[in-house]
Amino acid sequence: MKTVPIVPNLLFVALLAALLWPVAGESVPNHVLTVAVVIHGIYLLRFTCAREESSRSSAGDAAAIVYLFLLFWFLATGRFVILDKMLFPKPEGVLHLFVTELPDMLKGLGNSLILLVSGYLLALGLALPLGLLVGWRVRLFKAINPFTKVLGPIPPIVYIPYAIALLPSFRAASIFVIFIGAFWPIFINTVHGVFNIPKGLIDSAKVLNLKERTLLFRVILPGAMPSICTGATLALVFSLVMLAAAELIGANSGIGWYVKNFADFADYQRVIVGIIFIGIVVTAITWGTERIERHLLRWRN
Amino acid sequence: MHEIVIDSTSFTYGSNEVLRDINLTVEAGEFVCLLGPSGCGKSTLLRLLAGLSQPTSGSIALDGSPITGPGLDRGVVFQDYSLFPWMTAGQNVVLALEQAFPGKSKQEYRQTALEYLEMVGLADAFPKLPGQLSGGMRQRAAIARSFAINSPVLLMDEPFGALDAITRARLQDLLLQLWDQREGERKTVIFVTHDVDEALLLANRVVVLGLNPGTIKEIIPVNVPRPRIRKDLYLKEDFLALRERLVSVLHENILSELEAGQTMHAQGDGI
């Protein structure tokens, strides 16, 4: 039995009414309208496809929150100007600008992603094998552990000014700080992942007389994978923070720079556009990494 | 051949003497159960046989040459964690086959693995992950793996300890049937358990270990003809007498341990 939920549909109608209400001298806010209709379309799709009552109602709740937010934003900035005009631009203006600024932002995103991917992959490529080795060799762990304890917790942001002074280009400096930010979470979690492999599994591998290579790739690596995934996700968050921070300080392109640059000109409309764009990008990245993680750990129920 | 000789072997872990002066000879093709309460060192003895630990003193030899480390001449089945959870049941067997018989084609490994899984009644489990199998099926797959590498010696550490009674009985029958299949080529099996009935059903000889430190208290031959049918065993006087004796040897141990515990409490130590 599917009952038609009242709250999200009612809010949607209220939002439409507010948007379409004729006001002399103002055109209909097309972009906000489009967003509202698209969201409702997605909601209806999820509502009809969902098998369980709970996922239907949570889809409704999410839609209702979005409508409420849009309604408030639209009314408080457009109809009854309660909020400061400069700091809180109208939704229609922001969304319109989002569309026109998209090509520029995508170009900036390209630059940012090159930095992010280089720094992150460098960290992954180095921290993962090192972590496996240090986790597996007790003596190496004992030698390295004190340094990990001192260097690991240093907030990577403090390296930025020095890295900019030290390295020849901004690009090299940001790749370096992203690398540092991503390295420790991956390294530390990989070491712990190796430690946390049940002793019984290691025994099982030993009695099969596995060669060191086979042992490392077919037992230690997959055994440590849950922890490695945790570290890699954490490292991604750190690299995003480091990327944004580096760009706020010293870049001349990229998405972090975009926000910083227009904030300097007090163009808060574009600042909000930039933040929304970053939000969408980060969501896409997280969605992708979750897929990868689920695939790598599919053996865990 | 495949005779195992344990010669005045002791094992000390830190300041804790786990095993003291163990002397035992296991004939080729024999089925021996190590029976004892938990903490008596029976699993430690099995680890020494598997080559996962080295004795503090004494020596263990297989076919006259001392055991210095793990080897594929001994198959091992543990209570849990025998299978790698990230590989399917089939891949687990294939991995073992690759170690035991290197240089064959993928197709051959697959085929052999499938045969051994069929042998334990798991024909459909090849593509399944251990997480998708029941506890009994996992132990079947582990047994299939240990038979696939065709090692003359089989070491089992309470392999059915975590299973329910019916599954356990089925797997005991399966194990005996596999062991008995080719007479003259029987594997030498050393089976650790704390279950008296399990030991009596399976073993040619039961080695009872005592506590603190672990020593051999008694070696009891089980001269009951095979196949042993559970229902009939418990009707026979001599079998019941044997069971009674085994239980009393085992309990002697447990009672003296409990008494030691009580004295400590009387002195107020454990509070």
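This is a predicted model: local features need pLDDT of at least 70, side-chain atom pairs count only at pLDDT 80 or more; totals for chains, interfaces and linings use all residues.

Tutor: From α1(A), the residues taking part are Val7(A), Pro8(A), Leu11(A), Phe12(A), Ala14(A), Leu15(A), Ala18(A) and Leu19(A). They meet Gly60(A), Ala63(A), Ala64(A), Tyr67(A), Leu68(A), Leu70(A), Leu71(A), Phe74(A) and Leu75(A) of α3(A). By class, 16 residues of this contact are nonpolar, one is polar and none is charged.

As for the geometry, helix α1 of chain A covers residues 6–20 and helix α3 of chain A covers residues 53–79. Their axes come within 9 Å and cross at roughly 25°. Angles under 35 degrees count as roughly parallel, and α1(A) and α3(A) are therefore roughly parallel to each other. The crossing of the two helices is left-handed.

Chain B is described by domains. Its assignment gives domain 1, made of 4–73 + 152–266, and domain 2, made of 87–150. Taken over C-alpha atoms, the centres of domain 1 and domain 2 of chain B are separated by 26 Å. Eleven residues of domain 1 of chain B are in contact with eleven residues of domain 2 of chain B. On the domain 1 side, helix α5 of chain B (residues 165–180) gives the most, with five residues. That side of domain 1 of chain B has ten nonpolar residues, one polar residue and no charged residues.

Notes. Residues are numbered from 1 along each chain as its sequence is written. Chains are lettered from A and ligands numbered from 1 in the order in which they are written. Axes are lines fitted to C-alpha atoms, for helices over the stretch in contact, and angles run from 0 to 180 degrees between N-to-C directions. Helices (H or I, at least four residues) and strands (E, at least two) are DSSP runs, numbered from the N terminus. Angles under 35 degrees count as roughly parallel, over 145 as roughly antiparallel, 65 to 115 as roughly perpendicular and the rest as oblique. A crossing is left-handed if the near helix is turned anticlockwise from the far one by less than a right angle, and right-handed if clockwise. Two residues are in contact if their C-beta atoms, placed from the backbone, lie within 7 Å. Ala, Val, Leu, Ile, Met, Phe, Trp, Tyr, Cys and Pro count as nonpolar, Asp, Glu, Lys and Arg as charged, and the others, Gly among them, as polar. Domain bounds come from an automatic or database domain assignment.
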